[in-house]
Amino acid sequence: MSIKNKDTILHVQGKSQFIDDQIVPEGTLYAAVVSSSIAHGKILKIDDEEARKINGIVCILTASDVPGQNQIGNIIKDETLLAENDVHYIGQPIAVILATDAFTARKAAKKINIRYEAFPAVFDPREAYKNGSLIAPERTFSCGNIDDAWRKCDVIVEGRVESGGQEHLYLETQGAFAIPMEHGKLKVFSSTQSPTIVQKTIAGILNILMHKIEVDVLRLGGGFGGKEDQATAWACMAALGVWKTGKPVKLVLRRHDDLRMTGKRHPYSSDFKIGLTNDYKIVAYEAMFYQNAGAAADLSTAILERTLFHTTNSYFIPNVKATAASCKTNLPPNTAFRGFGSPQAMFVIESAIHKAAEKMGVDSSIIQHINLLNEGDEFPFGMTYKSKTAHECWDNAQELYHVNEIINEIKVFNEQNSAVKKGMALMPICFGISFTTTFLNQASALVHVYSDGSVGISTAAVEMGQGVNTKIRQTAARVFSIDIERVFIETTNTTRIANTSPTAASSAADLNGNATRIACEQILCRLRTFALEQLKQPDASKIDFRDETIFYNNQPTALTWEILIGQAYINRQNLSAHAHYATPAIFFDRATEKGNAFAYHVCGTAISKVTLDCLRGTYTIDAVKIVHDGGTSINELIDRGQIEGALVQGIGWLTMEEVLYDEAGILLSNTFSAYKIPDIQFTPTDISIHFLESDETNLGVFNSKAIGEPPFMYAIGTYFALINAIKAFNPNVHIKYDAPMTPEKALLSLYSA
Ligand code: MTE
Ligand code: HPA
Ligand code: MOS
């Protein structure tokens with residue numbers, strides 16, 4: 001059923017509430033953050049004399065004001081909330097100013113003078129690697145026997161691949177609002193994907209128990225991974241401000257500070273070696289990934305792990321060795337971003353295939369197709385691919401979109417035009433669904449049926465535009481067989497739902513939807529028994545709930561949903577349930593790097609078509625045509641929106657979005673004029689999406705499949721379509737696999753030898 005996300009109405013009316021819209025109590029203080037202006041060094045002196053003179057300043061907080069552990073590291077405890085002695089990147093928080101209004105707080109922040117002793121800084125991951133500066137020991141996934149395998153190859157190709165960072169550019173910047181409660185409790189409104197991480201980290205900062213902190217999330221104005229870990233610091237600062245002053249504290253970053261201080265998608269520099277037989281079978285593949293982690297771990301090690309999981313994208317390769325190193329540099333800690341390390345891995349294997357195809361004188365699609373995953377194939381980490389949809393999507397795309405005609409059309413066009421060239425490429429994807437950190441694959445739901453028949457639901461899922469609340473509403477309405485308008489989704493709140501996993505890994509609808517389904521089924525089970533009593537009938541199996549009416553033996557009864565619930569309440573029936581769901585049968589052993597890490601895989605194929613202006617280097621992405629395996633979708637409208645959004649976001653990463661730092665580590669792409677993202681003009685005029693029809697079962701809700709991240713990787717095809725257009729103009733070009741393909745780089749390649 002394709003109903004709309006009901007928030008969309010509020011969004012276009014400007015009525016949706018975000019952190020900065022919240023009406024604050026009188027006496028609320030406003031926070032501004034003072035951060036490092038150098039990339040690496042030692043703090044010699046913090047001079048706050050000038051700042052203190054400003055009217056309206058309440059206090060200035062530094063590391064010494066933290067009562068508990070000055071630590072916000074989630075996986076690895078390597079990141080201070082406020083710098084102690086050393087600073088490791090430009091934008092690293094050093095002090096928090098509290099003032100009676102936001103303008104004064106920011107003005108005072110500018111008046112803080114900090115003297116440093118500067119140390120050499122490193123920004124290049126390969127250099128950090130050479131220096132032995134790693135976030136954690138490097139890891140290797142392997143299968144077969146790579147050393148033997150090279151001997152069996154007819155063609156071996158090696159190369160290097162670069163992929164750039166990416167700014168999340170959520171519309172709502174990072175922020176939090178904290179208020180003091182009785183008994184030393186704090187209530188924190190945070191724009192976070194991870195309410196429990198915020199709760200737990202504040203508890204550590206303040207040295208109090210988690211039950212003293214209530215985190216509440218209404219919705220996010222976008223997260224895209226940028227608020228999985230990096231929403232925490234601002235909430236901690238606001239909480240620390242409350243702790244010190246006893247007043248409510250609000251901290252909302254201005255766009256410029258958000259761009260400057262927060263981490264982005266990890267840039268990667270990678271080496272590959274690929275070996276094939278003359279009949280295009282990939283026999284061996286070796287890759288080394290240098291991940292630019294920035295100055296602290298953040299989620300880098302988990303992201304690195306997902307890079308390894310997706311080293312071979314949707315191909316079966318019998319001999320693989322993939323090594324990945326998380327390299328510590330003096331940039332803001334890079335973090336989760338849609339795809340979570342998988343786009344970087346897939347870009348490398350696609351580059352390897354492209355280069356091999358070039359050497360063998362065929363189109364990449366020949367190699368892609370021959371090596372596509374078949375049911376029963378094993379991934380390098382030991383999991384079996386249990387589906388047929390990789391091939392089904394590919395074959396469907398070929399037929400449905402008449403790929404051979406597109407190829408011919410482009411050939412003819414390129415023969416007839418010299419200053420404008422077209423290119424196309426195919427991109428199959430295969431993405432594993434589940435947190436690769438197995439214990440995170442759990443969720444719970446609290447369902448209340450009120451005495452008027454309306455339903456209120458709390459889960460761990462955070463709504464950030466992806467439509468998870470709508471899918472959960474639909475799930476409950478479906479189990480109860482009631483009108484969706486009866487169902488309301490409450491805020492995500494740590495006092496109603498404890499131990500929430502982040503809303504991430506595309507898994508929120510699967511995990512929280514299943515928990516909701518189970519809770520609703522528990523209530524439904526009680527209602528069946530109760531209805532049987534009311535109807536004075538003997539057989540519970542003959543009770544049915546259909547469109548708000550209770551049926552017995554396939555006949556409608558006088559009992560409606562509303563009447564039944566009203567009577568159930570009077571008869572003291574339990575109309576609430578709490579349920580927990582944990583994905584069954586997944587595990588991963590980090591000692592052997594083997595296991596069934598995922599509940600299932602999501603596959604699909606995209607065809608991209610581009611037109612390149614060979615005089616200017618400018619281009620249009622004309623069409624992206626997709627066949628996607630979305631299982632049995634709960635809501636095709638939302639899924640279509642997710643595919644379109646992810647695709648365009650991916651196109652941005654591969655084409656125009658260029659995160660640039662200067663040699664001192666200052667972010668150059670720090671405005672909307674310097675950092676370009678795809679707008680509606682740049683978006684392909686033709687985005688065709690076809691959902692594969694498949695009767696395979698899976699662990700999603702009602703056989704649906706996760707949708708949030710996989711379609712991002714379809715965009716990788718647009719990069720290769722551009723490369724192919726460049727090659728049509730300049731057959732001698734020496735291709736550097738170096739994303740993003742900005743018009744500037746395209747122009748240089750068009751005229752390079
Ligand atoms: N869609 C919108 N509109 N806004 C977002 O912030 N985040 C993406 C994706 N789609 C995001 C989005 C990311 S990174 C993930 S992991 C998933 O949504 C998370 O939500 P889900 O688990 O409900 O799919
Ligand atoms: N995706 C997103 N966040 C995560 C993951 C993942 O696979 N693993 C741990 N945190
Ligand atoms: Mo998404 S990168 O897992 O928040």
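Here are some notes on a predicted model, point by point.

1. Let's start with a helix pair. The axes of α15 (residues 508-535) and α16 (residues 561-570) come within 11 Å and cross at roughly 90°. Angles of 65 to 115 degrees count as roughly perpendicular, so α15 is roughly perpendicular to α16.

2. Who meets whom at that crossing? From α15, the residues taking part are Leu527, Phe530, Ala531 and Gln534. Their partners in α16 are Trp561, Leu564, Ile565, Gln567 and Ala568. Sorted by class, the contact of α15 with α16 has seven nonpolar residues, two polar ones and no charged ones.

3. How many residues does α15 have, and what does it reach from its first C-alpha to its last? There are 28 residues in α15, and the helix reaches 39 Å, close to the 40 Å expected at 1.5 Å a residue. Lysine 536 follows α15 and has a positive phi, near 55°.

4. Glutamine 166 may be worth a look on your screen. This residue is found in the loop between β8 (155-163) and β9 (175-180). Is glutamine 166 buried or exposed? Its relative accessibility is 0%, so glutamine 166 counts as buried, the cut-off for buried being under 20%.

5. The surroundings of glutamine 166 can be listed too. Not counting residues up to four places away in sequence, glutamine 166 touches Lys264, Arg265, Phe337, Gln649, Gly652, Trp653, Glu657, Val659, Tyr675 and Phe712. With Gln649 there is also a polar contact: the side chain of glutamine 166 reaches the backbone oxygen of glutamine 649 at 3.1 Å.

6. Glycine 246 sits in the loop between α7 (232-245) and β12 (249-252). With a relative accessible area of 46%, glycine 246 is partly exposed. Leaving aside neighbours within four places in sequence, glycine 246 is in contact with Pro180 and Gly241. Lysine 152 is 94 residues from glycine 246 along the chain, and their C-alpha atoms are separated by 71 Å.

7. Now for some backbone geometry to check. Most residues other than glycine have a negative phi, and most peptide bonds are trans. Phenylalanine 340 has a positive phi near 55°; this residue is in the loop between β15 (319-328) and α10 (342-360) and, at 11% relative accessibility, counts as buried. Phenylalanine 702 also has a positive phi, of about 50°. Its place is the loop between β27 (686-691) and α18 (716-729), and at 25% relative accessibility phenylalanine 702 counts as partly exposed.

8. Last, a peptide bond. Alanine 739 and proline 740 are joined by a cis peptide bond, with omega about 5°. Proline 740 lies in the loop between β28 (737-738) and α19 (743-750).

Terms used:
Residues are numbered from 1 along each chain as its sequence is written. Chains are lettered from A and ligands numbered from 1 in the order in which they are written. This is a predicted model: local features need pLDDT of at least 70, side-chain atom pairs count only at pLDDT 80 or more; totals for chains, interfaces and linings use all residues. Side-chain values use heavy atoms; hydrogens and water are left out. Helices (H or I, at least four residues) and strands (E, at least two) are DSSP runs, numbered from the N terminus. Buried means under 20% relative accessible area, exposed over 50%, partly exposed in between (1.4 Å probe, protein chains only). Contact means heavy atoms within 4.5 Å. Axes are lines fitted to C-alpha atoms, for helices over the stretch in contact, and angles run from 0 to 180 degrees between N-to-C directions. Angles under 35 degrees count as roughly parallel, over 145 as roughly antiparallel, 65 to 115 as roughly perpendicular and the rest as oblique. Ala, Val, Leu, Ile, Met, Phe, Trp, Tyr, Cys and Pro count as nonpolar, Asp, Glu, Lys and Arg as charged, and the others, Gly among them, as polar. The expected span of a helix is 1.5 Å times one less than its number of residues. A polar contact is a pair of N or O atoms within 3.5 Å; within protein, one must be able to donate a hydrogen and the other to accept it, and residues adjacent in sequence count only if both atoms are side-chain atoms.
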